[in-house]
Amino acid sequence: MHRRPAFGVVLGLTLAFLLSACGKEAPPPPAPKAEAPKPPPEVVVKIGSVAPLTGPQSHLGKDNENGTRLAIEEVNAKGLMIGGAKVRFELLSEDDQADPKTGTIVAQKLVDAKVAGVIGHLNSGTTIPASKIYHDAGIVQISPSATNPKYTEQGYQGAFRVMANDVQQGKTLGDYAVSKMGAKRIAIIDDRTAYGQGLADEFEKAAKAGGATLVGREYTNDKATDFRAILTSIKGKKPDLVFYGGMDAQAGLMVAQMKTLAVKARFLAGDGAQSPEFIKLAGPAADGVVASSPGLPLDKMPGGKGFTDKFTAKFGPIQIYAPFAYDATLTLIEAMTKANSTDPGKYLPELARTSRQGVTGPIAFDAKGDLKNGPITLYVVKEGKWNPLETVGGDAAAPAAAPAPEKPAAKPAAAPAPAAEKK
Amino acid sequence: MDIFVQQLINGLVLGAIYALVALGYTMVYGILGLINFAHGEVVMIGAMVALSVIQVLVASGIALPGPVIAALGLLAAMPVCMVLGFAIERVAYRPLRNAPRLAALITAIGVSILLQNVAMIIWGRQYHSFPALLPSTPHQLAGATINDLQIFIVLLAIAIMAGLLYLVHRTRLGRAMRATSENPEIAGLMGVDINTVISITFVIGSALAAVAGVMISAYYGIAHYFMGFMLGLKAFTAAVLGGIGNLAGAMLGGVLLGVIESLGAGYIGALTGGFLGSHYQDVFAFLVLILVLTLRPSGLLGERVAERS
């Protein structure tokens, strides 16, 4: 068994290459206008997308990749002139397996391929080490979903994200657990990734500050399927709330196993668990579970309904981050258009100045590259569906930032029937 | 106390699951001295095929009791796995039988990767939820909970081990297997058709893999294309711990590994005053493995020459 992990890496590399090959082939179909009717030649601009495309989070990775793909296909279909030449964007999709080591390898690969910008990675654990490689190569990166605060605290000019970070999210969750769910005895489990651990720590701080007692802190990993041992040990400490910092694949099974072990505690989690996949895996045990997610509920997003329709028609149900990946891509491309250049050095100032209306809400960055005033929404599972409970922030939150005069993203007029979220 | 009993039960069931898979590893190793890394993937294929059949049956709306549907799924998965096992041996291992060990090992890993990717293409990358078809009525036992399915898994692992022991030690085919294991050339000269014996070993092992796959998916309620990877790794560890090639050893190793993991995860934090957390459970499991291998290099029940199943 000592040999296996080494071969796992080889497998990962092989896969990454195979997948990247697929990624290269995929985009051409939507560009039938490549007949070259006019002399101005097409310039191909490569945009990288990195997410785990194999392993337990592959459904989320594919979700991100498809969000980016949809944006690129739309822009290509419209046709875009940058610097006097017709530009065709090409998606280079890489698989980082949610593994920090693989994350840096594929990041280097994208740098070598001379991408103009990167949408990724999905996980904080892969985004942070990869960001150094992009920074050193002068490439701009927008992560649609990495929420660990460290990512933008490294002082890298070209590192951005389009959702609220875990300091905000952990605090929202901790406050909610204590004040609204009435939790007094809290047990915390995390998956030891940068995301899970970071969010759990922030949650712990906020919950303790609110007056709750931490009765147990247990750990698992992002590939585990059996949580009975740690749940049993938690059961012995009689908590009234269990918080999990980690992703949906584990959270779903964990909730189901809590039920079979008769652990009588509410379950609370962050954005990693707030997916339709979670409900599928947890089954009937999902009822009553609360989770947060940066952003607004899909049907309240300014362009949420239209995006949901377009996306589901092409790729099936949205997991979590597809709209964020879509927004991140269009934000990147808009900055290129404004700067009239696809050179990261030239369009970076434009990107930092971004102020646009995305499908997830208004997008503007602060000095670190974090989303200004990112809202966070809490959801509860009822009858096999995530139902929004309340949205925190958006315009009121983010005390550090200047009091932004932007309107709240939810345009009441543009929010039609709540039937937007399928599945 | 009830928490301790619950941890023991958790460990026992987890161990039985490892044992179900470890039996397949150990059987092939016993005959060929080959670590069949693709075994975990055969387990996965078994689970996925059964799941597809079960989904069709459930969707068709035929009113059958849950266990019958599960059994039908299993009946469909077994032949598929048997053919697959036969094909793997025929295509990937037989041509390399006289090649250096390392060559066969690499092929085994290659087959494993191939099967994972084929499964990913067929069934997609997402987790599939496996319907709860088998009864899981909880029972109270010394303050802890154990359900029907958990009891059944433990009994099934014991039954399969007993069946294999009988096959290997009391039947004509078993004698041929043992002869092949001792020395393939001499066995061949003595009139044993070693190709057939080895093929049958793979076919039986793969049928058991299908059983293991269905039980594991039913227990956890999920199936996905890479479920065989970790499972294979843990089962392989269990087989080595018990003495690879020894059937009773696979069972013992599986249960031991399961209980160590479970107690480790449950008590490390309390024992070390929070210095080590429950994520160190694997460290303890592998520490035990290292200790056992240092003191008894062939595993707990392993005997090098005399009896490789």
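A:D190 stands opposite A:Y219 in strand 8 of chain A. This is a predicted model, in which local features need pLDDT of at least 70 and side-chain atom pairs count only at pLDDT 80 or more, while totals for chains, interfaces and linings use all residues. Residues are numbered from 1 along each chain as its sequence is written, chains are lettered from A and ligands numbered from 1 in the order in which they are written, and side-chain values use heavy atoms, with hydrogens and water left out.

**Strands of chain A**

Helices (H or I, at least four residues) and strands (E, at least two) are DSSP runs, numbered from the N terminus. Two strands pair if DSSP finds at least two bridges between them. Strand 7 (residues 185-190) of chain A pairs with strand 8 (residues 213-219) of chain A in the parallel sense over six bridges. Five bridges join strand 7 of chain A to strand 9 of chain A, and these two also run parallel. In strand 9 of chain A, the residue opposite A:A187 is A:V242.

Buried means under 20% relative accessible area, exposed over 50%, and partly exposed in between (1.4 Å probe, protein chains only). Five of the six residues of strand 7 of chain A are buried, so this strand is largely enclosed by the rest of the structure. Together with helix 7 (residues 194-209) of chain A and strand 8 of chain A, strand 7 of chain A makes a right-handed β-α-β unit. A crossover is right-handed if, with the strands pointing away from the viewer, the path from the first strand over the helix to the second runs clockwise.

A right-handed β-α-β unit is also made by strand 4 of chain A, helix 4 (residues 124-137) of chain A and strand 5 of chain A. Strand 4 (residues 117-119) and strand 5 of chain A run parallel and are joined by three bridges. Within strand 5 of chain A, A:I142 is the bridge partner of A:I119. Strand 5 of chain A also pairs with strand 6 (residues 159-161) of chain A, in the parallel sense and over three bridges; here A:A159 in strand 6 is the bridge partner of A:Q141. Both faces of strand 5 (residues 140-143) of chain A are covered, with A:V140 and A:I142 buried on one side and A:Q141 and A:S143 buried on the other.

**Two helices**

The expected span of a helix is 1.5 Å times one less than its number of residues.

Helix 8 of chain B has 27 residues and should span 39 Å; its end C-alpha atoms are 38 Å apart, which agrees. In helix 8 of chain B, 23 of the 27 residues are buried, so the helix is largely enclosed by the rest of the structure.

**Backbone angles and loops**

Most residues other than glycine have a negative phi, and most peptide bonds are trans.

| Residue | Phi |
|---|---|
| A:Q97 | near 55° |
| A:K114 | near 60° |
| A:K238 | near 45° |
| B:G221 | near 75° |

A:Q97 is in the loop between strand 3 (85-95) and helix 3 of chain A, and A:K114 follows helix 3 of chain A. A:K238 lies between helix 8 (228-235) and strand 9 (241-245) of chain A, in a loop, and is exposed, with a relative accessible area of 61%. B:G221 follows helix 8 of chain B.

The peptide bond from A:G120 to A:H121 is cis, with omega near -5°. A:H121 is placed in the loop between strand 4 and helix 4 of chain A.

In chain B, B:G124 lies in the loop between helix 4 (101-123) and strand 1 (128-129). B:G124 is buried, with a relative accessible area of 19%. Its C-alpha atom is separated by 8.3 Å from that of B:H224, 100 residues apart along the chain.
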